Structure formats: C-alpha cells, structure tokens
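Welcome, and please load the model in your viewer. Could you keep the selection box handy while we walk through it together?

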Amino acid sequence: MKELSLNILDVAKNSVKAGADRVLIRIEEKDGWRTLSIIDNGCGMSPEFLANVTDPFTTTRTTRPVGMGLPLLKLAAEQTGGDLQIESSVVPPTGTTVRARFRMDHLDCVPVGDYAGSVVTLIQGSPEIDFRFEYLRPEGDIVLDTAEIRAVLGPEIPLDTPDVLMWIEGNLKPEQ
Amino acid sequence: MKTLAELQAIRDRMKDSVTMRSGSGSIRAVVGMATCGIAAGARPVLAALVEEVSALGLGEKVTVTQTGCIGLCRYEPIVEVYEADKEKVTYVKMTAEKARRVAKEHLQGGKVVTEYTIGAVEK
C-alpha cells in the first residue's frame with residue numbers, strides 16, 4: 001500500500017462486512033505521532049479469531065485462504081517504529097477498534113494520501129452506513145459525518161448520488 | 001470546501017428526479033475492491049467509472065458497485081460488466097483512463113473494448 005488512505009479503505013471495509021452501521025475513522029497527528037483509529041459497532045471478533053487476525057493466513061474471504069489487510073497495516077506501522085492494536089469483543093458486542101501508530105519523522109512512514117478518495121469510495125460502496133471521518137492535525141481539523149449529511153438530504157436521496165459524492169469529496173479537501 | 005447551502009441545492013435539484021433514478025439499471029459494472037484490488041489501484045478506477053457514468057448521463061441504465069476479491073488477484077484492478085442476456089465481460093489491469101474508455105464505448109456505446117478484456121491479456 002503506497003498511502004495510508006488505501007489501508008484505511010481496505011480495513012474499514014472489514015467494519016462494513018462486520019455489519020456495523022456506524023464507523024468512525026480518525027487520523028490524529030500529535031507530538032510526532034500519527035495515530036489511525038477505525039472504530040465500529042459491528043459484530044466483533046471471537047478471541048480465537050482476534051488472536052490470529054494479523055496472520056496473513058487468517059481471513060473471512062472465501063476465494064482463497066489469504067487475508068493481507070491487517071497484516072499490511074501492521075507492517076506499515078511497525079516499519080516506522082509504531083504498532084498496531086486491536087480490541088474486539090463478541091460478548092458483550094462492543095464492536096472492534098483498530099489502532100495503528102506511526103512515527104511521522106521516520107523515513108518509512110507512508111503519506112496519508114488521498115483520504116478524501118477513500119472516504120468517498122467507502123460511502124459509495126455502503127451508502128446506508130454512517131461514516132464519521134476526523135482528520136485532527138495542527139494545521140486544522142477536517143471532520144465529516146454522513147449522519148449530518150443524511151439529515152440535510154432527507155430519506156429520499158441516497159448518499160451514493162453522484163452529485164452528493166462530489167460534494168463530500170470537495171468538503172473533505174482543505175481550503176486552498 | 002463546500003457549503004451546506006450547496007448540499008441543500010443538490011437535495012432540491014434531486015428531489016424531482018429521484019423516482020427516475022434509483023437504478024433499474026440493466027447494466028452493472030462491478031469493481032473488485034478487496035486488498036488485492038485496492039493495492040493494485042482500484043480506487044481511481046472506481047472513481048473514474050462513477051464520474052464518467054454520471055457525466056455521460058447513464059445513471060439510469062448503469063449501476064456501478066463494489067465487490068470483494070474476485071479471485072484473480074494478479075489481474076487487478078478488475079471491472080466486470082454484467083448485462084441481461086449477455087455474457088459477462090471481465091476487464092483486467094484497469095486504469096482510470098481505461099475505465100473512462102470502457103464507460104464511453106461499452107457502457108454507453110454497447111461495444112466491448114476487447115483489448116482490455118481478460119481474453120486479450122491472457123494471450
């Protein structure tokens with residue numbers, strides 16, 4: 001993965017697959033660390049699955065027995081001196097939290113990249129789910145919550161309407 | 001940065017056309033968006049398809065959706081086109097530019113872009 005945004009797109013799809021109806025994606029840049037959190041209210045993972053979830057040979061996919069999403073995120077974090085933590089529970093069903101920390105001054109720290117493209121892609125793929133995106137950084141926070149957009153649009157207009165997606169993408173880009 | 005007023009304007013504009021919309025879409029263009037597809041560059045391919053389908057006014061006829069791993073990871077990014085009573089067309093090693101051409105020639109024009117299909121690439 002050449003940019004963190006691609007990991008975000010990939011790993012947040014796990015939340016969609018876990019049946020979450022609300023997914024929070026947060027990138028926080030503070031004190032030389034970039035912390036990515038993906039927090040969902042999905043079905044969670046059993047302790048057995050959780051124990052092996054960063055093993056590339058653990059996956060829910062059925063096309064072949066390899067799942068590279070979380071292993072790639074773990075690698076991206078660890079190659080900067082950071083780490084990956086996952087909390088998840090089925091009983092009680094508290095959903096899943098994935099947290100990856102990156103040292104921003106490390107040579108191998110991948111750029112954040114096109115986060116707007118990733119958020120728009122997630123919404124296009126699952127317009128019925130509510131995504132909240134927070135990019136908290138010293139030069140100004142960027143926050144978008146589809147629940148707020150949905151409240152303006154009303155029930156008739158889905159979030160994957162092309163004009164709405166374009167508005168969302170424009171809204172995520174900081175002022176030039 | 002977009003304003004809330006612009007979003008409200010979209011809502012007011014869309015309200016009338018919304019019954020026509022919600023794709024009865026006879027054509028489905030499906031983009032593989034698992035780890036393999038994403039790493040190979042599926043995100044800009046999907047974005048280009050969505051954009052071009054909208055720009056060409058094909059919204060009623062064509063639905064663009066995402067799927068997981070198609071099982072042909074070395075050929076990603078992959079776009080599959082499904083149309084009733086026709087054989088599925090599998091486009092492989094796609095780029096945003098190729099996706100725009102597929103939108104124009106195939107989704108709009110009905111003519112398969114043979115050189116991008118898996119059959120042509122496998123040779």
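Predicted model: local features only at pLDDT ≥ 70, side-chain atom pairs only at ≥ 80, totals over all residues.

Residues are numbered from 1 along each chain as its sequence is written, while chains are lettered from A and ligands numbered from 1 in the order in which they are written.

**Stop 1: chain A as a whole**

Select chain A and colour it by secondary structure. Along the sequence they follow the pattern α-β-β-α-α-β-β-α-β-β-α-α.

Along the principal axes, the C-alpha atoms of chain A fill a box of roughly 40 × 35 × 30 Å. The radius of gyration of chain A is 16 Å, which agrees with the value near 16 Å for a compact globule of 176 residues. That radius is taken over C-alpha atoms, and the globule rule is 2.2 Å times the number of residues to the power 0.38. Of the 176 residues in chain A, 39% count as buried. A residue is buried if 20 or more other C-beta atoms, placed from the backbone, lie within 10 Å of its own, exposed if 12 or fewer, and partly exposed in between.

**Stop 2: where chain A meets chain B**

Now show both chains. Here 30 residues of chain A are in contact with 26 residues of chain B, contact meaning that C-beta atoms placed from the backbone lie within 7 Å. On the chain A side, the elements giving two or more residues are helices H1 (4-17), H3 (69-78), H4 (115-125), H5 (146-153) and H6 (162-172).

**Stop 3: a sheet in chain B**

Which order do the four strands of this open sheet take? In chain B it is S2-S1-S3-S4, with mixed pairing; strands pair if DSSP finds at least two bridges between them. The edge strands, each pairing on one side only, are S2 (62-67) and S4 (89-91) of chain B. From one strand to the next, the twist averages 20 degrees.

Next, select helix H4 (residues 96-108) of chain B, which packs on the sheet and touches S1 (27-32), S2, S3 and S4 of chain B. The direction of H4(B) makes about 15 degrees with that of S3(B); axes are lines fitted to C-alpha atoms, for helices over the stretch in contact, and angles run from 0 to 180 degrees between N-to-C directions.

Zoom in on S3 (residues 79-83) of chain B, which pairs with S4(B) in the antiparallel sense over three bridges. Show B:Val79 to find its bridge partner in S4(B), B:Tyr91.

**Stop 4**

Most residues other than glycine have a negative phi, and most peptide bonds are trans.

- Select A:Val91 and A:Pro92, joined by a cis peptide bond with omega about -5 degrees.
- Select B:Glu76 and B:Pro77 for another cis peptide bond, with omega about -10 degrees; B:Pro77 lies in the loop between S2 and S3 of chain B.
- Select B:Asp85, a non-glycine residue with a positive phi of about 65 degrees, in the loop between S3 and S4 of chain B. B:Asp85 is exposed, with 5 other C-beta atoms within 10 Å.

How values were computed
Contact = placed C-beta atoms within 7 Å.
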